[in-house]
Amino acid sequence: LLSKISQRIGMTFLPPRVAKWRYQRGNRSLKENLSKDNGSKDPNQIKNSISKMKQDNDDEEDDVPDELEDIIELLLFSVQDRDTVVRWSAAKGIGRITMRLPRLLADDVVEAILELFDDSDDDAAWHGGCLCLAELARRGLLLPERLKAVVPLIGKAMHFDVLRGQHSVGSHVRDAACYVCWAFARAYSPQVMKAYVSDLAKAMLLAAVYDREVNCRRAASAAFQENVGRQGNENFNKGIEIITIADYFSLGNRSSAYLNIGPSLANIANWYLEPFVDHLISTKVSHWDK
């Protein structure tokens, strides 16, 4: 409740507006797309969109009150809370407030979120950080130039696994990382994602086939399916064949995922064979859970 109230108070300090600088993938109305003479997209569309964002360097340079800094600090602290419901509420609050900030201040918020990933063993910070990144991407507030720093972190989060005593911690982080991949598929155009598709696709399929938890395997499969549908066959070669084999129900059985689905995927898309073998040798063979 403290997280919810603080974010609502923070929003009263800012005028109700949508940031002009945010990244927008473009109009995706099916009716308008079908009415065009040529369904292909203008290759310069993304360049024009980014240059427009840079020109829009926020006319709204209103004075942001000092109290807002305290509220954002409180939300960033709440994003690392031990309870999932608090982290989730704080992440949504950061997204709502950032939507109304000038670009430079919003960039400072993104920088603070990336610092949450500095501690490689803090599962709460990694989970909250992933939720924040997904919320920002979903709202167009994570600009394309930030993806170079964000994608490697998401790749690590997809395999986050920390041994605490006699049990493993990290399934909630891996699940949130799948949510980030799902949000990326919907937020960015194929031209923007093209440079990062290879790394994300490998991470998603490794999680879909070899994760210990069934909910993470299914989340990774759903994220991969969303990417195939939104990003197209050019970015995800043989994507339809892959999601046909690695679907929601087939991944429910872990033995089947390891022994049947993994080899089948490596057979139809042999560029995944080497990452699969590397992951099994480097991580799974020496894993504490025999």
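**Entry 1: charge over a ring**

I count a charge as sitting over a ring if NZ of Lys or CZ of Arg is within 6 Å of the ring centre and within 35 degrees of the ring normal. With that rule I looked up Arg218, which lies over the face of Tyr248, at 4.1 Å from the ring centre.

A note on the ground rules: this is a predicted model, so I keep to pLDDT of at least 70 for local features and 80 or more for side-chain atom pairs, while totals for chains, interfaces and linings use all residues. I number residues from 1 along each chain as its sequence is written, and side-chain values use heavy atoms, with hydrogens and water left out.

**Entry 2: the whole protein**

I found 15 helices and 2 strands; helices (H or I, at least four residues) and strands (E, at least two) are DSSP runs, numbered from the N terminus. Of the 290 residues, 47% count as buried. My terms are buried for under 20% relative accessible area, exposed for over 50%, and partly exposed in between (1.4 Å probe, protein chains only). The accessible surface comes to about 15,000 Å², and 52% of that belongs to carbon and sulfur atoms; areas come from the Shrake-Rupley method with a 1.4 Å probe, and for residues only the protein chains shown count as cover. Of the contacts (heavy atoms within 4.5 Å) with a separation of 6 or more, 75% are between residues 24 or more positions apart.

**Entry 3: salt bridges**

I searched the whole structure and got 14 salt bridges, each a side-chain nitrogen of Lys or Arg within 4 Å of a carboxyl oxygen of Asp or Glu.

Glu145 and Arg103 meet in one of them at 2.8 Å, N to O. This pair links distant parts of the chain, 42 residues apart: Glu145 is in the loop between helix 7 (123-138) and helix 8 (147-157), and Arg103 is in helix 6 (residues 103-114). Glu145 is partly exposed at 43%, whereas Arg103 is buried at 16%.

Glu234 pairs with Lys194, with the closest N and O atoms 3.4 Å apart. Glu234 sits in the loop between helix 12 and helix 13 (239-245) and Lys194 in the loop between helix 10 and helix 11 (197-210), so this bridge ties together parts 40 residues apart in sequence. Glu234 is exposed at 66%, and Lys194 is exposed at 52%.

I also checked Arg212 with Asp289, where the closest N and O atoms are 2.8 Å apart. Here Arg212 is in the loop between helix 11 and helix 12, and Asp289 is in the segment after helix 15 (273-284), 77 residues away. Arg82, Asp122, Asp123 and Arg164 are linked in a network of salt bridges.

**Entry 4: aromatic rings**

I pair rings of Phe, Tyr and Trp (its six-membered ring) if their centres lie within 6.5 Å; planes under 30 degrees apart are stacked, over 60 edge-to-face, and the rest tilted. The count by this rule is 12 aromatic pairs. I picked out Phe184 and Tyr188, an edge-to-face pair with 5.6 Å centre to centre and 70° between the planes. Phe184 and Tyr188 are both buried. Tyr210, Tyr258, Trp271, Tyr272 and Phe276 form one aromatic cluster.

**Entry 5: a buried alanine**

Ala220 lies in helix 12 (residues 214-231) and counts as buried because its relative accessibility is 0%. Leaving out residues up to four places away in sequence, I see Ala220 touching Cys178, Met204, Ala207 and Ala208.
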